[in-house]
Amino acid sequence: MLSYNTPTARTQINAIATRSLLDEDFKAEILTGTRSKRLQEYPLPATVHQAVMDINAENLNQFILKLHQIITG
């Protein structure tokens with residue numbers, strides 16, 4: 001997997017992970033088909049947006065682990 005370890009990418013991905021933990025509605029949407037709509041709230045570069053969209057996760061733990069992998073490579 002490619003690494004998108006830039007300050008902006010790290011900040012936005014951390015914000016997505018944190019919000020997923022704190023906001024039940026956001027978590028539900030990020031794990032279902034409305035992820036793209038919710039990601040539009042964050043100024044992600046197109047490549048990072050696509051990498052997050054490509055995540056396949058059955059639960060929040062898997063999703064956050066894969067977010068971490070995006071920024072660490």
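Guide: In this predicted model, the largest nonpolar core has 19 residues, and those with the most contacts inside it are Ile16, Val52, Ile55, Phe63, Leu67 and Ile70.

Visitor: Which elements give two or more residues to this core?

Guide: Two or more residues come from each of α1 (7–22), α2, α4 and α5 (60–72), and of these α5 gives the most, with five residues.

Visitor: OK, let's go to α1. Which of its residues are buried?

Guide: The buried residues of α1 are Ala9, Gln12, Ile13, Ile16, Ala17 and Ser20. They cover an arc of only 135° around the axis, so they sit on the same side of α1.

Visitor: And what covers them?

Guide: The cover over the buried residues of α1 includes α2, α3, α4 and α5. On the face of α1 turned away from that buried side, the exposed residues are Pro7, Leu21 and Leu22.

Visitor: What span should α1 have, at 1.5 Å a residue?

Guide: The 16 residues of α1 should span 22 Å at 1.5 Å a residue, and the end C-alpha atoms are 22 Å apart, which agrees.

Visitor: Back to Ser20: what does its side chain reach?

Guide: The side chain of Ser20, a residue of helix α1, reaches the backbone oxygen of Ile16 at 2.8 Å. Ser20 has a relative accessible area of 1%, and because buried means under 20%, Ser20 counts as buried.

Visitor: Which residues does Ser20 touch, not counting those up to four places away in sequence?

Guide: With those left out, Ser20 touches Phe26, Lys27, Ile30, Leu60 and Phe63.

Visitor: Changing topic, how many aromatic pairs are there?

Guide: The count comes to one aromatic pair, taking rings whose centres lie within 6.5 Å. The pair is Phe26 with Tyr42, whose ring centres are 6.2 Å apart and whose planes stand at 65°; since planes over 60 degrees apart count as edge-to-face, that is how this pair is classed.

Visitor: Where do the two residues lie in the chain?

Guide: Phe26 is in helix α2 (residues 24–30), while Tyr42 is in the loop between α3 (35–39) and α4 (46–53), so the pair, 16 residues apart, links distant parts of the chain.

Visitor: Are Phe26 and Tyr42 buried or exposed?

Guide: Phe26 counts as buried at 0% relative accessibility, and Tyr42 also counts as buried, at 13%.

How values were computed
Residues numbered from 1 in each chain as written. Predicted model: local features only at pLDDT ≥ 70, side-chain atom pairs only at ≥ 80, totals over all residues. Heavy atoms only, no water. Phe/Tyr/Trp six-rings, centres within 6.5 Å; stacked < 30°, edge-to-face > 60°. Helix = DSSP H or I, 4+ residues; strand = E, 2+ residues; numbered from the N terminus. Buried < 20%, exposed > 50% of the residue type's maximum accessible area, 1.4 Å probe, protein only. Core = buried A, V, L, I, M, F, W, Y, C linked by side-chain atoms within 4.5 Å. Polar contact = N/O pair within 3.5 Å; in protein donor to acceptor, adjacent residues only side chain to side chain. Contact = heavy atoms within 4.5 Å. Expected span 1.5 Å × (residues − 1). Arc of directions from axis to C-beta.
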